[in-house]
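Hello,

Here is the structure I promised to pass along. My notes on it follow below.

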Amino acid sequence: MSRSRTHNTPNRTVIASRLDATAATSNETDNTEETVQADGTGQTSDTGRTDDTSQTDETDQVGQTDEIAALVRAAGDEVVATITQAGREDSGSYFGHGKVDELADTVAATDANRVVVDDELTPSQHHTLESAMPADTAVLDRHRLVLEIFEAGAGSRRAKLQVELAQLRYDLPRLIESADEGLLNKQTEKGSPVYDVRDRIDRLERKLEERPEPAAQFRERRREEGFDLVTCAGYTNAGKSTLLHRLADEMSILDTDSSSKSDNAHSEKDATAAVRDRLFETLETTTRRATIDGRPVLVTDTVGFVDDLPHDLVESFSATLSEAGAADVVVLVVDASDAESRFRARLETALDVLDAQGVADERIVPALNKVDCLSTDESARRLAMAEEQLPESTADPLPVSVLEETNLGRLCETILERLPTETADLRVPNCDDTMALVSRAYDRTSVETVDYDDTVTIRCRGPPRILEQLRARAERITAEHR
Ligand SMILES: Nc1nc2c(ncn2[C@@H]2O[C@H](COP(=O)(O)OP(=O)(O)OP(=O)(O)O)[C@@H](O)[C@H]2O)c(=O)[nH]1
Ligand SMILES: [Mg+2]
């Protein structure tokens, strides 16, 4: 549906956004208040948020288009202009008529081939807007843009099928909206576009049903083996993957069970990474084995949250949420270098998302990342804000800088403190089998004392599931030597 230029030529994209009325700073009287920025050269710098704000004084308003601009760049496009309008949505064409004309003029003047609208458009709004643009201009909304980013980054066969399915489900009502009557009459006929899309959707759904979600199976198996599950969650660009990579040293990450293309790319880039926004770097969850103070742990890196996207849009979002729901500890990574209002809003949303997944507050370890970008005062203010916002039973928020490796040791200690831990006293007769039990206890738990006499008493602390196994083994030994 959307026409793209070839891989070598980035799309020239105009961003069109309706501003949140509460952030609109002037002229509250009508619904046509606007800010237009188009840079004369049609060039846009690649450094993220600063290019938007440099062209206007109304930084509050324009700050709202930062994220969509970063998403457009994540899709490989060039932003050639940004058009904003404050006020109510027009139900027919989303923007008011004057604004639609202006958008069309801007597209023509900047030789753009795409318009990205920072919201979800109804099928009819999409059709009306696209029809009003110069020929061969594709109109995409935020959801479609995200699907495109996932399409480009999908690594596994399953992810590819999922993204294709999500795109077709998204496109179908829009295809019907733009089809003429003759075509619609033929929608039950084989070979008509609508029929073909429906048919492909059916086939994809069946294919995906035949392939059970691998992560869930893998997780259950590892849990049975006594692994604790730690998940890094949070907004896109917060630093989750960088953290996982750095924790590898602290936690002695042993092995990679599965890895996505983007994660490997990350590892290499991290060494020299210039600090810039990179949205949706991780497009599939990635799990690694680690040991933390002798405890075997699975650490999962997840797909970042982004505002205003339904979590069922792509399976990798829902997989991310189910990883968080299943985890023993969720490290909630928050970008502390965000402006205060965004920092607060994102922390709030992230907590709501985790809560909706049934993640108990005491399982959350909040890490306020990128404090290297903040002054001591700013950092203290973010910490105070987080302390005020976080429920009482989460771990205390920790200011960290993953890049400068500040406070990572403390973060590991906090994770360890929050892993489910019990103490067991095992009493067994002193025999050969007991030595194997002691050795197993040393391997899988933290052994506090061992007293050797006629009976051997072992006091150890560790994951409940492992202690259960050790108790069962101790009972078997005792029964066999009675
Ligand atoms: N200044 C600073 N930048 C950081 C820090 N940690 C990560 N970054 C940068 O933030 C950007 C995003 O980091 P990622 O690790 O890709 O973020 P993510 O949360 O995995 O993002 P998604 O995979 O998109 O969800 C990168 O450019 C990192 O180099 C930090 O402590 N300080
Ligand atoms: Mg990532």
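Among contacts between residues at least 6 apart in sequence, 72% join residues at least 24 apart, a contact being two residues whose C-beta atoms, placed from the backbone, lie within 7 Å. This is a predicted model, where local features need pLDDT of at least 70, side-chain atom pairs count only at pLDDT 80 or more, and totals for chains, interfaces and linings use all residues. Residues are numbered from 1 along each chain as its sequence is written, while chains are lettered from A and ligands numbered from 1 in the order in which they are written.

The protein has 18 helices and 15 strands (DSSP runs numbered from the N terminus: H or I of at least four residues for helices, E of at least two for strands). Of its 482 residues, 41% are buried (20 or more other C-beta atoms within 10 Å of the residue's own).

Helix H3, residues 66–74, is mostly covered, with 8 of its 9 residues buried; among them are Ile68, Leu71 and Arg73. Just after H3, glycine 76 has a positive phi of about 90°.

Further along, the axes of H14 (residues 340–356) and H15 (residues 376–389) come within 11 Å and cross at roughly 30° (lines fitted to C-alpha atoms over the stretch in contact, with angles from 0 to 180 degrees between N-to-C directions). The two helices are therefore roughly parallel, the term for angles under 35 degrees. On the H14 side, Phe343 and Leu347 are among the residues that meet H15, whose partners include Met385 and Ala386.

Best wishes

Conventions. A residue is buried if 20 or more other C-beta atoms lie within 10 Å of its own, exposed if 12 or fewer, and partly exposed in between; C-beta atoms are placed from the backbone. Angles under 35 degrees count as roughly parallel, over 145 as roughly antiparallel, 65 to 115 as roughly perpendicular and the rest as oblique.
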